[in-house]
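Please examine the structure shown below.

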Amino acid sequence: MSIIEVKVPQLSESVSEASLLTWHKQVGQAVKEGENLIDIETDKVVLELPAIKSGVLVKIIKADGAKVGSGEVIAQIDTAAVAQVAVAAPVEASAAAPVATASAPKAQSQAAAVSPSARKMANALDVDTAGLQGSGRKGLVTKEDVLGAVQQPAPSQPMIAPVAVPAGDRPEQRVPMTRIRQRIAERLLQSQQNSAILTTFNEVNMQPVIELRNKYKEAFEKKHGVKLGFSSFFVKAVVIALQKFPIVNASVDGTDIIYHGYFDIGMAIGSERGLVVPILRDADKMSIAEIEKSIAEYAARAKVGKITMEELTGGTFSITNGGVFGSMLSTPIINPPQSAILGIHATKDRPVAENGQVVIRPMNYLALSYDHRIIDGREAVQFLVTIKEVLEEFSARVLLDL
């Protein structure tokens, strides 16, 4: 026997422990090098733990739902079992050789029909590109085709059975929070307790943005290979406003104010497992197309729990869009250590006054929650007004790179 240990990977400095989700292999089953053995949930992301060697899983030391730390041994693999299985392999391979040879040209054709960026994304999302219908030139499979194929449910919660509480005809269940849900609760309480949060509101006429999008969305998608949504407009408007009011992009550290000379925008994404806020780093240097591609990729990966810790770390300002769920108005909570967050809501046709006349316009109510310890009301209001003005006066050729 040649036993190797399966250990929990090194977690980030801010993560003290993690939870094991469901084992994908059982004792006695063969495993291949690189094959995912189990998903490990931290308070930020779900990590896959691949086998470092092929062999047979001979022992599971930590069961589903167990709490573990960096470097902890959770299972054992017998790598000698590979040699025992491999004795018969040459015969089987020889018998199958004619079939493999016949199918080789087809495999090469499939590989050639997938763009490099699409293949990279497919590998990250575990999407089989062989069955995808390419929408690119000459049937080329693009990143958008891969994103559209992601229909898997989110990773399962830790396999801890709910505890039924007998109560006659009024039954209840006690279900442990996932680690991510616990972390969300901690962060929200931290924000409420450590910040002086106020919220200011404004409304924006989305008609110019809607008309701009409708006019250029086909040309935009044809050139950039991604659909033109609305989130990128808000990101661009936020960056312009942050450049004008740098205090909103700052954070508090004890009795110091840290002014960030960069613009890392967090985009809140809801999933079945909870809210995650991946970061658009250096958003001021990103084009509308780059923003749209990044948001679409983050959304797809959040759905299958494959956003990395690094992609969730940092951020100088956040945007949350309750409008996708139908929210008309809300007061978003700041994501510490940031000092402000923009809440976007559902765009609805509403009567408004223009030049003494009542007209119907697609209006969106914006909410800016800010830390009053360092941001005064005047700056907060002017910051939100700037976002409103930018959205109502977008320049198509400059921002859409057409």
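## Salt bridges, pocket and surface patch

The side chains of Lys62 and Glu72 meet in a salt bridge, with 3.2 Å from N to O. A salt bridge here is a side-chain nitrogen of Lys or Arg within 4 Å of a carboxyl oxygen of Asp or Glu. Lys62 lies in the loop between β6 (55-60) and β7 (67-68), and Glu72 in the loop between β7 and β8 (73-78), so the pair ties together parts that are 10 residues apart in sequence. Helices (H or I, at least four residues) and strands (E, at least two) are DSSP runs, numbered from the N terminus.

The model is predicted: local features need pLDDT of at least 70, side-chain atom pairs count only at pLDDT 80 or more, and totals for chains, interfaces and linings use all residues. Residues are numbered from 1 along each chain as its sequence is written, and side-chain values use heavy atoms, with hydrogens and water left out.

Lys62 is partly exposed, with a relative accessible area of 26%, and Glu72 is partly exposed at 25%. Buried means under 20% relative accessible area, exposed over 50%, and partly exposed in between (1.4 Å probe, protein chains only). The structure holds 10 salt bridges, and the table lists some of them.

| Residues | N to O distance |
|---|---|
| Lys62 and Glu72 | 3.2 Å |
| Glu5 and Lys7 | 3.9 Å |
| Arg361 and Glu354 | 3.1 Å |

Glu5 is partly exposed at 41%, as is Lys7 at 44%. Glu354 is also partly exposed, with 28% relative accessibility. Elsewhere, Glu297, Arg301 and Glu311 are linked in a network of salt bridges.

The largest pocket holds about 1,300 Å³ of space. Its lining comprises 48 residues, and Ala268, Ile269, Leu275, Val276 and Val277 lie nearest the centre. A pocket is an open set of points on a 1 Å grid over the protein atoms alone, where a 1.4 Å probe fits, with protein on both sides within 12 Å along at least five of seven lines; lining residues have an atom within 4 Å of a point. Helix α5 gives the most to this lining, with 5 residues.

Phe201, Met328 and Leu329 form a nonpolar patch on the surface, with about 290 Å² of accessible area together. Such patches are made of residues with over 30% relative accessible area and no salt bridge, nonpolar side chains being joined within 5 Å. Accessible areas come from the Shrake-Rupley method with a 1.4 Å probe. Phe201 lies in strand β11 (residues 197-205) and is partly exposed, at 41%.

Methods
Patch = residues over 30% accessible without salt bridge, like charges linked within 9 Å, V, L, I, M, F, W, Y side chains within 5 Å. Points joined across faces, edges and corners; volume = space filled by probe spheres on them.
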